[in-house]
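Subject: The two-chain model, and what turned up in it

Hello,

Here is the structure I promised to pass on to you. Have a look at it first, and then read on for a short tour of what I found.

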Amino acid sequence: MASFKYESQVRAPLVDGTKDYHQVTEDIVRPIEAPPSRAWWIGFIISVALLMFGVYSIYREVTYGVGQWNLHKTIGWGWDITNFVWWVGIGHAGTLISAILLLFRQGWRTGVNRAAEAMTIFAVMCAGQFPIWHMGRVWMAFFVLPYPNTRGPLWVNFNSPLLWDVFAISTYFTVSLLFWYSGLIPDFATIRDRAKLKWRKLMYGLLAFGWTGSAKHWQRHEALSLVLAGLSTPLVLSVHTVVSFDFATSVIPGWHTTIFPPYFVAGAIFSGFAMVQTLLLVTRKVLALEDYITMEHIEVMNKVIVLTGSIVGIAYLTELFIAWYGQNPYENYAFMKNRVDVFSPYGWSYWLMMGCNVLSPQIFWFRKLRRNIVVTFFMSVIVNIGMWFERFVIIVTSIYRDYIPSSWAVYYRPTIWEVGFYLGTFGLFFTCYFLFSKFFPVIAVAEIKHILKKSGESYKKDMGKVENESVDQLYHEVHAAHAHH
Amino acid sequence: MAVKKFVVGCFDEEEAVFDAVKKVRKSGYKLHDVYSPLPIHGLDKAMGLRDTSIHTAGFIYGITGTTIALSCISWIFTKDWPLNIGGKPHFALPAWIPIMFEFTVLCAAVGMVLTFCYLCQLAPFVKKHHFHPRATDDKMVMVIEVTPKNDAAEISSFMNSLGAAEVNTQIAETGWWIGRYDKEQKLYADETVSA
């Protein structure tokens, strides 16, 4: 048959259970049509409360100035930029899954891409808060945009990595949002056409943009998805590269290294996949989507985690080697004294990072542990703690001891408002995610239908015949079929 | 647009639609469209639709972005406000590559999505006639237009012979509208003919 594509029986099915197209719609749209559960309300209220605390922390910072944070002479960037890089890094898995794995024809991406893309968008929204509020006089934030102005015109500095970041982050956010939304349009139409309640029909009618499912529209939709994936692939790699340039193009010992771009990108994918695991392990359980986000999905993402975690580990060791081999006394001091030395003020954070990012993911070499939900959930949290400390180590241990030892005495620790701002972004992230999981299809309905007859469990069984039959038998069958015609 | 008469046939399997589409094209009936809940690869070829040029549009938007970024930055940094940064050249092309790249991607992506929405006539508040409510769930819906040369009954029996599970005749607006076109202006009716 024309649309049947053969997939090896060795591969486990991507959609478990006996399902037809209607069942797929039912399974994914049902949670949207049901009233929210008690657990949803509790989670949502906690998220909104955290968000409110964050809003108040930002209010303090805007009213009283950046002095509300414990930044000082040597530490000009503390928690704020750590959190920025951490959130941007988390935002990398979504586009990696939706774009790069699309180009590599990885069928398993289909079960997780929608939620991962949503995570990307919310994480980039959280990341964007940090540089914006760090400006202090935030009402002048539009100064970062290049436009003819009455100040000269005084233009922005196009040679500065900080401006590259403005372009990279805003482009990344816009393109991810467009990619995500164009995929959502057909699914919104599915919900609209099933809706019985008037407000639901109206709301999803609005969101579906009048989608009908016409053959020509599908043809354009497929072409659009493919080209957007092609554009997003270099984009996602460029974003964390540019973020790493913020550090790498400076001449601060500990930052001034050429390994930063690939090392940051690998770390971003590492932390992003960990966050996808954290979110999806809960989502699949609460929304009963275990047939779509299967153990195979969890295992394959754990493989990505152990791979990228090991790349990050090699990068850490390379940095140490180069610090010693390069024979630059300042570089050597930053690495050997400020980081590796456990008894230095921030030595503990370096070893916490090493333990969480390099050592602990190695347990995923064992299949049993890769397929264990409790271990996976625990590890996904550990990895994100480790990746937060990676950014903390890079930022704080490189600058807390500058070239004037008299200013070394002050130990940097955040104020409650710095912590509050960070917690507030958790509030923003989870508020958005809770709303998403309630009102949007967390799995791409049309895309699952597209792979159902190739990788669905019941359909695969029928096709298994091709592999189990002997060549002779198959030859006779085909021959008989021809003779019949 | 225009209000026309259509014969609508529903299929359960996308494989059946391929055969049906081929037979419709051979028979000379006017195939209006096929609606499906999922993209059916190769159906566009079977229907005789030409390839989409949305990629070409994306390429043009992309190089437009590159050109704008390069020309603006070089004018700003060499003519309008030449900034002396450590005595380095004003025309610092390597340092501009990140912004040129990002702007290329931004223009290509935004341009393509807008073009897609324009070509498919997609926008918030836009409404269109839906031939079958389950065309976005699990049914493949093939629609043949009734022209003066043939009549609905003839096409209906032809549609049945193709193996359609459900056949009916509808008079429908082919364009889009905003608001309650269907109820207030009484422009479309739904007369179901039992198959």
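Let me start with burial: of the 485 residues in chain A, 47% are buried (a residue is buried if 20 or more other C-beta atoms, placed from the backbone, lie within 10 Å of its own, exposed if 12 or fewer, and partly exposed in between).

Before going further, a word on conventions. Residues are numbered from 1 along each chain as its sequence is written, while chains are lettered from A and ligands numbered from 1 in the order in which they are written. The model is predicted, with local features needing pLDDT of at least 70 and side-chain atom pairs counting only at pLDDT 80 or more, whereas totals for chains, interfaces and linings use all residues.

**Chain A as a whole**

Chain A has 19 helices and 0 strands (helices are DSSP runs of H or I with at least four residues, strands are runs of E with at least two, and both are numbered from the N terminus). Its radius of gyration is 25 Å, close to the 23 Å that the globule rule gives for 485 residues, so chain A is as compact as a globular protein of that length. Here the radius is taken over C-alpha atoms, and the rule is 2.2 Å times the number of residues to the power 0.38. The C-alpha trace of chain A spans about 95 × 55 × 45 Å along its principal axes. Among contacts in chain A with a separation of 6 or more, 83% are between residues 24 or more positions apart (two residues are in contact if their C-beta atoms, placed from the backbone, lie within 7 Å).

A:Thr431 sits in helix α15 (residues 416–439) of chain A and is buried, with 21 other C-beta atoms within 10 Å. Although A:Ala49 is 382 residues away from A:Thr431 in sequence, their C-alpha atoms are 9.5 Å apart in space. Leaving aside neighbours within four places in sequence, A:Thr431 is in contact with A:Phe44, A:Ser47, A:Val48 and A:Leu51.

**Where the chains meet**

Chain A brings 54 residues to the contact and chain B brings 60. On the side of chain A that touches chain B, α1 (21–33), α6 (161–194), α8 (215–248) and α16 (445–455) each supply at least two residues. The most comes from α8(A), with 16 residues. By class, this side of chain A has 28 nonpolar, 19 polar and 7 charged residues; Ala, Val, Leu, Ile, Met, Phe, Trp, Tyr, Cys and Pro count as nonpolar, Asp, Glu, Lys and Arg as charged, and the others, Gly among them, as polar.

**The cores**

The largest nonpolar core has 175 residues, and those touching the most other members include A:Val276, B:Val17 and B:Met142. Such a core is a set of buried Ala, Val, Leu, Ile, Met, Phe, Trp, Tyr and Cys residues joined through C-beta atoms within 7 Å. Its largest share, 15 residues, comes from α6(A). Another core lies apart from it, with 5 residues, among them A:Trp69, A:Trp79, A:Trp417 and A:Phe421.

**The sheet in chain B**

Chain B holds an open sheet of 4 strands in the order β2-β4-β1-β5, with antiparallel pairing (two strands pair if DSSP finds at least two bridges between them). β2 and β5 (166–173) of chain B stand at the edges with a single partner strand each, so one side of each is left without a neighbour in the sheet.

Strand β4 (residues 140–145) of chain B has 5 of its 6 residues buried, so it is largely enclosed by the rest of the structure. β4(B) is joined to β1 (residues 3–11) of chain B by 6 bridges, and B:Val7 stands opposite B:Ile144. With β2 (residues 30–35) of chain B, β4(B) pairs over 5 bridges, and there B:Asp33 faces B:Val143.

**Two loop residues to look at**

A:Phe209 has a phi near 60°, a positive value in a residue other than glycine. A:Phe209 lies in the loop between α7 (198–207) and α8 of chain A and is buried, with 22 other C-beta atoms within 10 Å. B:Gln121 likewise has a positive phi, near 55°, but counts as partly exposed, with 15 C-beta neighbours inside 10 Å.

Best wishes
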